[in-house]
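Please keep the model open while reading.

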Protein chains: 2
Amino acid sequence: MAKPRNIAPATTADLPADQQVALKLWVTLARAYHAVQQQAVADARRDGFSIGEFAVLELLYHRGPTLLGEIQTRILVSSGGITYLVDRLVDKGLVERRDCPDDRRARYAALTPDGTRAMRRIFPRHAARIAAAMHGLGVRDQRDATRLLKQLGLAAAAASADDSPGAQTGAH
Amino acid sequence: MAKPRNIAPATTADLPADQQVALKLWVTLARAYHAVQQQAVADARRDGFSIGEFAVLELLYHRGPTLLGEIQTRILVSSGGITYLVDRLVDKGLVERRDCPDDRRARYAALTPDGTRAMRRIFPRHAARIAAAMHGLGVRDQRDATRLLKQLGLAAAAASADDSPGAQTGAH
DNA sequence: CGATAGTTCCTCAGAACTGAGATACTGTCA
DNA sequence: TGACAGTATCTCAGTTCTGAGGAACTATCG
């Protein structure tokens, strides 16, 4: 493992200390996210769903009929993405579109009876698998981590919103 | 009284308390990750790179010439993905492949002089932007979050490795 | 009203991958 | 030595999205 140490460009070690801490957190956050996501992907795939499809099903299962635009902001996909995902679930017979009586531009997505049955079967195992993936932390640490990540996520989202004017605030 | 024909829980609220905590952490983790990632995506795109391309550049900038397989496990892409990413960076003139003298199957990727110059220019601004995205937490909280996420990520990765035998990465 | 700005969803070209299989090489063992 | 399992990368068809643009509808305001 020879390390050519003669040149000293602007690497991480030359950054201000606070930036080093932030970058380390970013790398660790990304790794933790990917590791848990692998579990979610494997679980969804067992039932023939992509992560995006599963996220839509889960949202509709918990919230009931939901406007496409709201699904979009909640599961964080693009406008084309939500059309694509709902199309696929409609093809599978698990979701249906419904017109919105108050606004003829808007449409709801809702679980069909088949979709509800499928989620009733699938969801408990999915929840157990995610919980197992989180098992590296005890309940107390999980709460601490949730609090910190919530604070982090809200601040970062606010920073994003600054760049792209037109994006709505979300939650205050 | 309701007749519990189905033992399976209908919604999150019916799950065991520890699973509720775990799912909440998962949702919060995903949101925080996406929020910060949006910053990284926007920053990389400003220079004409995808996130994957930028991750390769960053890795090579800090580690020097690296075997493709090692890049693959570090930035978490598929085998086809790493070939694709390196191809694109080679086309841009920022990266070159080098044969490995010890193993004729293996190849290194390394920054070209152009690639090094580009990263010397780009990286400090990128680090500053990530640090700004993390600004919702103070340095002490960032360290706490890093510790918790590291613990979480390692345990979740170990759980993944159990499912898919043959994937021996990480904890040496 | 009518113009116009804003929104909600859909279309579609193509970006950014994934993953199974192919190719080429290495290490092990009888 | 030869058979064979293991490893590193590449190929390529297919998947899952992104985002610019457009059609249809709604809201606002002179």
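The notes below start with conventions, then take salt bridges and DNA contacts in turn.

This is a predicted model, in which local features need pLDDT of at least 70 and side-chain atom pairs count only at pLDDT 80 or more, while totals for chains, interfaces and linings use all residues. Residues are numbered from 1 along each chain as its sequence is written, chains are lettered from A and ligands numbered from 1 in the order in which they are written, and side-chain values use heavy atoms, with hydrogens and water left out.

**Salt bridges**

- Over all chains, the whole structure holds 26 salt bridges (a side-chain nitrogen of Lys or Arg within 4 Å of a carboxyl oxygen of Asp or Glu).
- A:E53 and A:R88 form one such pair, at 3.1 Å from N to O. The pair links distant parts of the chain, 35 residues apart: A:E53 sits in helix α2 (residues 51-63) of chain A and A:R88 in helix α4 (residues 79-91) of chain A. Helices are DSSP runs of H or I with at least four residues, numbered from the N terminus.
- A:E53 is buried at 1% relative accessible area, whereas A:R88 is partly exposed at 34%. Buried means under 20%, exposed over 50%, and partly exposed in between, with a 1.4 Å probe and protein chains only.
- A:R63 and A:E70 are bridged at 3.2 Å, N to O. A:R63 is partly exposed at 37% relative accessibility, and A:E70 is partly exposed at 30%.
- In chain B, B:R98 pairs with B:E96, with the closest N and O atoms 3.0 Å apart.
- A network of salt bridges links A:D43, A:D47, A:R121, A:R125 and A:R129.

- A residue counts as near if one of its heavy atoms lies within 4 Å of the strand.
- Sugar and phosphate make up 65% of the atoms of DNA strand D that come within 4 Å of the protein.
- α4 of chain A, with α3 (68-75) and α4 (79-91) of chain B, each supply at least two residues of this surface. The largest share, 6 residues, comes from α4(A).

**Contacts to phosphate oxygens of DNA strand D**

- An N or O atom in the side chain of A:S78 is 2.7 Å from a phosphate oxygen.
- B:T83 places a polar side-chain atom 3.2 Å from a phosphate oxygen.
- For B:R107, a backbone N or O atom lies 3.1 Å from a phosphate oxygen.

Definitions and conventions. Polar contact = N/O pair within 3.5 Å; in protein donor to acceptor, adjacent residues only side chain to side chain.
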